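Please have the sequence and the structure open while reading.

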Amino acid sequence: METYFPLRVCAEDTVGDKSTTEPFQFAAKLLNIQASDCLLFEDGAMGIAGALASGMSVVQIHAKDHRMEFLISKQKKIMLEFLPRSAK
């Protein structure tokens with residue numbers, strides 16, 4: 001994964017957990033971009049809440065049914081559906 005994602009922010013990198021904006025703001029700072037220019041892929045409610053609060057857009061991953069929601073904010077959602085190759 002490091003080939004595709006050379007930057008990682010882990011729990012020990014910030015004081016605040018994923019329910020806060022801190023790890024998301026920290027990641028944007030390391031990338032030298034605004035949080036509003038970021039797109040986060042996340043499956044957990046805490047991470048989604050923190051990322052949206054920081055101004056990031058989020059793709060919420062629903063692993064059980066292979067759906068994804070593009071969350072621009074808590075009020076704006078775009079539904080996407082991706083089926084696994086075996087479902088074709």
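A residue is called buried under 20% relative accessible area, exposed over 50%, and partly exposed in between, using a 1.4 Å probe and protein chains only. With a relative accessible area of 30%, threonine 20 is therefore partly exposed. This is a predicted model, in which local features need pLDDT of at least 70, side-chain atom pairs count only at pLDDT 80 or more, and totals for chains, interfaces and linings use all residues. Residues are numbered from 1 along each chain as its sequence is written, and side-chain values use heavy atoms, with hydrogens and water left out.

**Overall fold**
- The protein chain has two helices and four strands, where helices (H or I, at least four residues) and strands (E, at least two) are DSSP runs numbered from the N terminus.
- Along the sequence these elements follow the pattern α-β-α-β-β-β.
- Of the 88 residues, 27% count as buried.
- Among contacts (heavy atoms within 4.5 Å) with a separation of 6 or more, 17% are between residues 24 or more positions apart.
- The accessible surface, computed by the Shrake-Rupley method with a 1.4 Å probe and, for residues, with only the protein chains shown as cover, comes to about 6,600 Å², and 57% of this belongs to carbon and sulfur atoms.

**Salt bridge**
- A salt bridge here is a side-chain nitrogen of Lys or Arg within 4 Å of a carboxyl oxygen of Asp or Glu, and the count by this rule is one.
- Its partners are lysine 18 and glutamate 42, with 3.0 Å from N to O.
- The pair links distant parts of the chain, 24 residues apart: lysine 18 is in the segment before helix 1 (22-31), and glutamate 42 is in strand 1 (residues 39-42).
- Lysine 18 counts as partly exposed because its relative accessibility is 40%, whereas glutamate 42, at 8%, counts as buried.

**Threonine 20**
- Threonine 20 also lies in the segment before helix 1.
- A polar contact is a pair of N or O atoms within 3.5 Å; within protein, one must be able to donate a hydrogen and the other to accept it, and residues adjacent in sequence count only if both atoms are side-chain atoms.
- A polar atom of the threonine 20 side chain lies 2.7 Å from the backbone oxygen of aspartate 17.
- The backbone nitrogen of glutamate 22 is 3.4 Å from a polar atom of that threonine 20 side chain.
- Between the C-alpha atoms of threonine 20 and alanine 51, 31 residues apart along the chain, the distance is 7.9 Å.
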